[in-house]
Amino acid sequence: MFIEPCDPPRSAGPTAVGSFLPDEALSSEALQAEVARRSGLTLPPRLLTQATGIVSRRVAGEGVYASTLAVGAARRALESASLSPLDIDLLLFASASRDMVEPATAHIVQAELGSRAHALDVTNACNSFVNGIDLARSMILAGRARRALVVTGETPSRAVRKDPSSLAELRDGFAGYTFGDAGAAVVVEAVDRGGILHVDTETHSEHWEVGGIPGGGSRHPRGDAYTYFRGDGHELRGVFEKVGTAVIDRTLHRTGMGWDDFAKVLVHQVTVPYLERFAELTGVPAGKLVVTVPELGNIASASIGVQLDRVFPQLAPGERVLFVGLGGGISIMTMVWEKS
């Protein structure tokens, strides 16, 4: 799509949001029972629930893909904004999951929606969605787009090993048992007031090997063993604890804001113990958090989008929200947004 150059606006940000959850719920008790049955391992009662604080998660059923969840969320966001898919001139599929290696899943989403936008994928683990919002904002401020649709569809439950051959293999993939599936979407456009006020990032790429899904790329193009999530959850938590608060402290200092200045704080959620540790380290009041992890699990980059959808209708113009993204790689990202 050719985008006629226009005078760049001074601010942009999300103006509508939608989320979409698969119908099927899977409890931690049922997941643990399936793992025990298929592996033959004897596991302590309620191991998954007690270790993670996750009671259930949603899982995509047969014929439901990352694009399916993204399209469901996109339609809700567009409906909320009273927009047609043809009102969008930039479509970003910003997700850790995807339908296939090639083409970009954004094209599959676009074909289903019936839009005609410039479409591409943005991928940065669990920070993909926040990165996508930032990229959309940047394109709008540069005059390269007028209205963007940023979508994510996450299906990490399909990267969970349910038949580990040993306790060592169970431990190696244990972080995967936190995963759930979800979709989220936001419309991003120019605004007269508010919008995204501040963005900051910190990246520690030396830790890229701590966790991930190694299959599907040029290193491991084939082999089912590489399609499962592998990583040390304790090491991942240790890295985030070591480096994660610096960017938050810097954001508060540079903006001159404190926790009282935010109506809500939306943070990527992995487990209940980690969320509690995050609150302890940063000092964010528990009442500012939108807690989804006990019922939905770790829904990867959809986490912040689903949280935003839950609080968006209650936010008044002028109220501010802090997004805190945490992604494998390792990357940390903060975004200060004011509702227009």
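Predicted model: local features only at pLDDT ≥ 70, side-chain atom pairs only at ≥ 80, totals over all residues.
# Salt bridges, annotated regions and enclosed spaces

Arg193 is partly exposed, because its relative accessible area is 48%, a value that lies between the limits of 20% for buried and 50% for exposed. In total, the structure holds 15 salt bridges.

**Salt bridge between Arg193 and Glu338**

- The side chain of Arg193 meets the side chain of Glu338 in a salt bridge, with a distance of 3.4 Å from N to O. Arg193 sits in the loop between β7 (182-190) and β8 (195-203), while Glu338 belongs to strand β13 (residues 331-338), so this pair ties together parts that are 145 residues apart in sequence.
- Glu338 counts as buried, because its relative accessibility is 8%, whereas Arg193 is partly exposed.

**Salt bridge between Glu202 and Arg250**

- Glu202 and Arg250 form another salt bridge, in which the closest N and O atoms are 3.0 Å apart. Glu202 is part of strand β8 and Arg250 is part of helix α7 (residues 233-255), so the pair links parts that are 48 residues apart in sequence.
- Glu202, at 16% relative accessibility, counts as buried, while Arg250 is partly exposed, with a relative accessible area of 25%.

- Elsewhere, salt bridges that share partners bring Asp200, Glu202, Arg250 and Arg254 together in one network.

**Regions annotated in UniProt**

- An unreviewed UniProt entry gives residues 120-203 the annotation "domain: Beta-ketoacyl-[acyl-carrier-protein] synthase III N-terminal".

- Helix α10, which runs over residues 302-311, is mostly covered, since eight of its 10 residues are buried. The buried residues are Ala302, Ser303, Ile304, Gly305, Val306, Gln307, Leu308 and Val311.
- Asn298 is found in the loop between α9 (293-296) and α10, and it counts as buried because its relative accessibility is 4%.
- If neighbours within four places in sequence are left aside, Asn298 is in contact with Ile54, Pro156, Thr178, Phe179, Gly180, His268, Gln269, Val270 and Val293.

**The second largest pocket**

- The second largest pocket holds about 160 Å³ of space. Its lining is made up of 13 residues, of which Leu26, Val59, Ser157, Arg158 and Lys162 are the closest to the centre of the pocket. Two or more lining residues come from each of β2 (24-27), α1 (28-39) and β3 (56-59).
- Sorted by class, the lining of this second largest pocket contains six nonpolar, two polar and five charged residues.

**The second largest cavity**

- The structure holds two cavities of 30 Å³ or more, and the second largest cavity has about 40 Å³ of space.
- The residues that line the second largest cavity are Gln32, Val35, Leu43, Leu47, Leu48, Leu170, Phe174 and Tyr177, and α1 and α2 (47-52) each supply at least two residues of this lining.
- By class, the lining of the second largest cavity divides into seven nonpolar residues and one polar residue, with no charged residues.

Key: Residues numbered from 1 in each chain as written. Heavy atoms only, no water. Buried < 20%, exposed > 50% of the residue type's maximum accessible area, 1.4 Å probe, protein only. Helix = DSSP H or I, 4+ residues; strand = E, 2+ residues; numbered from the N terminus. 1 Å grid on protein atoms, 1.4 Å probe; cavity = no way out; pocket = protein on both sides within 12 Å on 5 of 7 lines; lining within 4 Å. Points joined across faces, edges and corners; volume = space filled by probe spheres on them. Nonpolar A, V, L, I, M, F, W, Y, C, P; charged D, E, K, R; others polar. Contact = heavy atoms within 4.5 Å. Salt bridge = Lys/Arg side-chain N within 4 Å of Asp/Glu carboxyl O. UniProt positions renumbered as here; feature names shortened; annotations may be inferred.
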